[in-house]
Amino acid sequence: MPKAQVIKMYNGFYYLQIPEKQELLSCRLRGRLKRHKGAVVTGDYVEYELLEDGTGIIEKCLPRKSMLLRPAVANIDQVLITFAAVQPDLNELLLNRFLVLAEWSGIPEIIICINKCDLNQGQEELLQAYAKAGYRLLPVSAKDGTGLAELKAQLAGRVTVFAGPSGVGKSSLLNAVDGSLQLATGKISEKIKRGKHTTRAACLLPLAGGGTVVDTPGFSAAELENVDKGQLAYYFPEFRPHISQCYYNTCTHSHEPDCAVKAAVENGTVHPKRYEAYLNILQTINDRKKVY
Ligand SMILES: Nc1nc2c(ncn2[C@@H]2O[C@H](COP(=O)(O)OP(=O)(O)OP(=O)(O)O)[C@@H](O)[C@H]2O)c(=O)[nH]1
Ligand SMILES: [Mg+2]
Ligand SMILES: [Zn+2]
């Protein structure tokens with residue numbers, strides 16, 4: 001059976017890139033694959049059959065190298081968590097939640113990209129907590145070109161997902177990196193100061209300079225329904241060296257005495273903002289447990 005990669009999925013259709021063909025092949029899923037959500041997502045390699053009407057049917061999903069849940073994209077090397085310095089304002093709780101989601105997914109490389117630096121360059125102090133946690137920060141501007149050379153170098157030879165809220169400039173950045181992409185972009189709403197969800201589906205795009213990028217629709221929430229509260233601390237990479245030093249091996253690093261994570265916050269090894277984000281997310285997980 002022939003194999004191909006899912007470049008895009010939209011409205012129940014899956015679009016495959018067929019080697020040597022320009023046009024994408026639009027496919028449906030075989031019935032048994034429809035039964036569980038996420039059986040096939042953008043980025044998956046699949047086996048398919050060609051039908052007489054020129055469309056295809058996906059029979060099987062091949063094993064994945066990696067999988068990001070939101071946006072749902074498989075077989076990626078890195079995720080660029082993209083926010084804007086302003087317009088829309090940087091939402092740090094959402095940033096932290098998204099970092100947890102990416103860590104939980106086991107994406108090998110997680111980078112924080114801050115766009116619209118032409119409008120505000122005073123974000124460095126605010127972002128120190130994340131640099132201290134070990135994340136690479138990329139300040140860029142699709143408008144004046146700041147940081148685009150670094151961004152290009154980071155994208156070369158890899159498969160990268162651009163993820164982040166609507167209106168932060170994911171599509172604009174991709175257009176700035178490779179002018180041949182010509183992705184649609186949309187203005188920020190004057191009234192609600194948010195993006196207008198211009199990009200509607202995650203789509204794999206080959207870059208002129210080598211590498212593949214995935215432009216994705218903006219999101220305004222990061223659901224952590226699969227994150228186990230006992231594992232949460234591991235998704236804060238700078239907490240990891242301390243976790244085994246806590247007195248209780250079931251320590252949740254919140255109210256317990258002799259907690260090595262809290263000690264690391266007190267002695268300045270862990271940034272207090274990240275610890276607060278941890279407590280906040282732990283609380284939402286606890287509340288969720290009570291509901292069910
Ligand atoms: N000043 C400034 N504006 C920018 C920059 N990058 C993008 N914009 C503007 O921000 C708005 C939103 O850009 P998009 O690229 O559509 O944002 P997006 O993240 O793709 O949004 P969705 O597709 O809705 O998720 C547009 O009006 C862009 O012109 C930048 O670096 N500086
Ligand atoms: Mg977009
Ligand atoms: Zn602890």
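This is a predicted model: local features need pLDDT of at least 70, side-chain atom pairs count only at pLDDT 80 or more; totals for chains, interfaces and linings use all residues.
Local features need pLDDT of at least 70, side-chain atom pairs count only at pLDDT 80 or more, and totals for chains, interfaces and linings use all residues. Residues are numbered from 1 along each chain as written, chains are lettered from A and ligands numbered from 1 in written order, and side-chain values use heavy atoms, without hydrogens and water.

**Shell of ligand 1**
- Ligand 1 is surrounded by 23 residues, each with a heavy atom within 4 Å of it.
- The closest are D118, S166, K170, S172 and T199.
- The shell holds 13 polar, five charged and five nonpolar residues; Gly counts as polar, and Asp, Glu, Lys and Arg as charged.
- Helix 5 (residues 170-177) gives the most, three residues; helices are DSSP runs (H or I) of at least four residues.

**Backbone contacts and cover**
- Backbone N or O atoms lie 2.8 Å (T198), 2.9 Å (G218) and 3.3 Å (H197) from an oxygen atom of ligand 1.
- The protein covers 88% of the 660 Å² of accessible area that ligand 1 has on its own (Shrake-Rupley method, 1.4 Å probe).

**Magnesium ion (ligand 2)**
- Its protein donors are S171 (OG) and T199 (OG1), 2.0 to 2.2 Å away; donors are N, O and S atoms within 2.8 Å of the metal (3.2 Å for Na, K and Ca).
- The pair links distant parts of the chain, 28 residues apart: S171 sits in helix 5, T199 in the loop between helix 5 and strand 12 (203-206).
- S171 is buried at 7% relative accessible area, and T199 is buried at 17%; buried means under 20% (1.4 Å probe, protein chains only).
- Water is not among the atoms, so the site may look incomplete.

Note on methods: A polar contact is a pair of N or O atoms within 3.5 Å; within protein, one must be able to donate a hydrogen and the other to accept it, and residues adjacent in sequence count only if both atoms are side-chain atoms. Helices (H or I, at least four residues) and strands (E, at least two) are DSSP runs, numbered from the N terminus. Buried means under 20% relative accessible area, exposed over 50%, partly exposed in between (1.4 Å probe, protein chains only).
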